[in-house]
Amino acid sequence: MFKIIEMSFVIPRDQSVSELSSFRYDKENLEGVSTDKFDDENLIIKGNNLIALHSLKERYTGRVKLIYLDVPYFFKQHKENDSFKYNSNFKLSTWLTFMKNRLEIAKSFLRQDGSIWIHVGEDGMHYLKVLADSVFGSDHFVGTMPRKTREGKNDVPFNFSQDFDWMLIYTVGNESNKSIVGRQIQRKYVTTSDFPGRPWRRGDIKQQKNAQQRPNSNFDMINPKTGAIYPVDTNSVWRYTKETFNEEYRKGHIGFPDDYKHMSGSIPFRRTFKDEDDAKNAKSSVFSDYLIKNFAQSVLGKAKTASKDEWIDNSKFPYAKPEKLLENIIKITTDKNDIVMDFFSGSGTTAAVAHKTSRQYLVFEQIDEQVDLSIQRLRDVIAGEKGGISKDVNWKGGGSFVYAELMEKNQGYLKDVQQAETTKQLEDVVHRMIEGGADFDFRVDVEKVMQDPEYQAMSLADKKQLMVKVIDKNQLYYAYSDMEDRDVQELMSESDIAFNRSFYGECDL
C-alpha cells in the first residue's frame, strides 16, 4: 500500500540550481525575494493538487474555514477545445474517482464550523452530489446554490436553454443548528423611556409553524399594561409558549405596539437589546434568494466587473468567476484572518479576493500559464490595483504571499513527453530519462521497447501514450524524506533546504 508523503518545495529539475524555489512577495519586493523561512502565511503552490494537499495536511488539518473549488466540469459531450483549461473530457467513472480522492483529503482541512463550496456544471452536478454525500455525510449537506451563467440561447438540445451551473455546499460539524454562514448587517435601534440606556430593535415574534406543530404556542397574547388582546394566528404561532410568556415579558423580550404612540403595527413584536446583540456578536441568517440575486448580478455579461475585464481574456477563460462572486461567498463564510483554500486556483480570483478582504489563503495550481497569471495578479493586488472589488473594500494595497513549487521528479519528464511534437523530440526526452535515472514501471525495459519494430511503427501519439503509461506515477515529485539523500541535496540550495525544514519542522514530521 502506497502512502503519499510530504513533498519538498524546491526548484524544478530543469532550472538552474542557483535559482531558489520559494519567494516572498510584498510591497517592498514586488519582484519577489528568496526566502528560507515559512511563517504560516499566504501561500501559492505550483504542483499536482492531490500531492500538495497531502503535503500540507499535517500543518493545516482542522484549520481551514472555507474551501472554494471551481472544479473541472464533467461534460456529456466531448470537448474538442477544452476551454476550462483543465481536462474536461473525463469518463464519468474517472471524473468521480478524480473528485473523490481530492474531496476525501480536503475534508480533513475543514474546521468544524467551516464549509466547502464546490462549483460544478449541470452534467456532473447530481453525480457529484451523491459522491459528496458519501464523503461528507448527507446530514452535513448545507444546500445547493444556482448561479446564472448566461442569457438564454435558442440553438440548444430539446429546445431548452440551461443557463445555470451550481454550487454544492457542505460542512463537517456535527450540529445542524450551528451557523455555517452569516451576514453582517447594519441594525437600527431605538431608545425608549421604559428601557433607559438600553437601545433595542424589533423582530418577528411569529414562527413558520402552525398550531398543530406547536400547541403550546397557540394562545392569545394579552398586553399586561393595557389589557389589549392579540389573537394568535393558528397558521403561524408565536415564538414563545404560554408557559414562558411571563418570564420573557419580564426580561423585555416581548413588546406591544399599543405601548407606544409613535409605533404602527397590529401584532406584538420580539424585542432584542443592542447589548445582547453585542454580547453574541452573531451574524444574521443568509437567505438563498439574497445570494442568487447577488450572484446573478455579478456574473452576467451586462454586469461585468473590472476584475474580469482586466485580468481574464474571456476567449481563453470563458468559465472564470468574477471577484464579486468570491467576495459574496468569503464574506458570509469567514471572518478576517480565517484561512481560505482553493486547489483549482486557475487565474487566482480566490487568492485576490481573500487578500483584499484580509483572509489568509492557500491556493494550488499546476498549469504554467495560470500560475504565472496568479503571481502577476497578486503582485498587482499588493501594489494597490483598483480592479474587481478594490473600490468596494477601499483596497489600498499591501500584504504579502509566498510562492513555492513542488520539486519535480518524473513529473517534469511527463510534461516533456506530453509536449513532444516530433518523434525525434520524444526520443530525446526518453534518452534523457534513461540517462537521468527516471523511474519507470519495473516490468518494462524501455530501451528494448524503443528498439522493437512494433514500437517504431507506431504513430507519434501512440508512442507518447505508451511512454506516459510506463512512467512511474508514484515518483512524480521528490518527497521531503528524499532531502536526506546527498544526490537530491545537490539539486537544492541551502535556502531551499532551510525553507523545507522551516515548513515541515514545525509539524514534527
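**View 1. Buried residues of helix α1 in the predicted model.** In α1, the residues N49, L50, I51, A52, L53, S55, L56, R59 and Y60 are buried (under 20% relative accessible area, with a 1.4 Å probe and protein chains only). Because nine of its 12 residues are buried, α1 is largely enclosed by the rest of the structure. The cover over these buried residues includes β3 (43-46), β4 (64-70), α2, β13 (339-342), β14 (360-365) and α17 (494-505), where contact means heavy atoms within 4.5 Å. Helices (H or I, at least four residues) and strands (E, at least two) are DSSP runs, numbered from the N terminus.

**View 2. The two ends of α1.** At its start, a side-chain oxygen of N48 lies within 3.0 Å of the backbone nitrogen of L50. Just after α1, G62 adopts a positive phi of about 70°.

**View 3. Contact of α1 with α2.** Residues N49, L50, L53, H54 and K57 of α1 meet N101, R102 and I105 of α2. α1 passes α2 in a left-handed crossing (the near helix is turned anticlockwise from the far one by less than a right angle).

View 4. E323 counts as buried because its relative accessibility is 0%. Its side chain makes a polar contact with the side chain of R377 (3.1 Å); such a contact is a pair of N or O atoms within 3.5 Å, and within protein one must be able to donate a hydrogen and the other to accept it, while residues adjacent in sequence count only if both atoms are side-chain atoms. The E323 side chain also reaches the backbone nitrogen of I389 at 3.0 Å.

**Notes.** In this predicted model, local features need pLDDT of at least 70 and side-chain atom pairs count only at pLDDT 80 or more, whereas totals for chains, interfaces and linings use all residues. Residues are numbered from 1 along each chain as its sequence is written, and side-chain values use heavy atoms, with hydrogens and water left out.

Notes. Buried means under 20% relative accessible area, exposed over 50%, partly exposed in between (1.4 Å probe, protein chains only).
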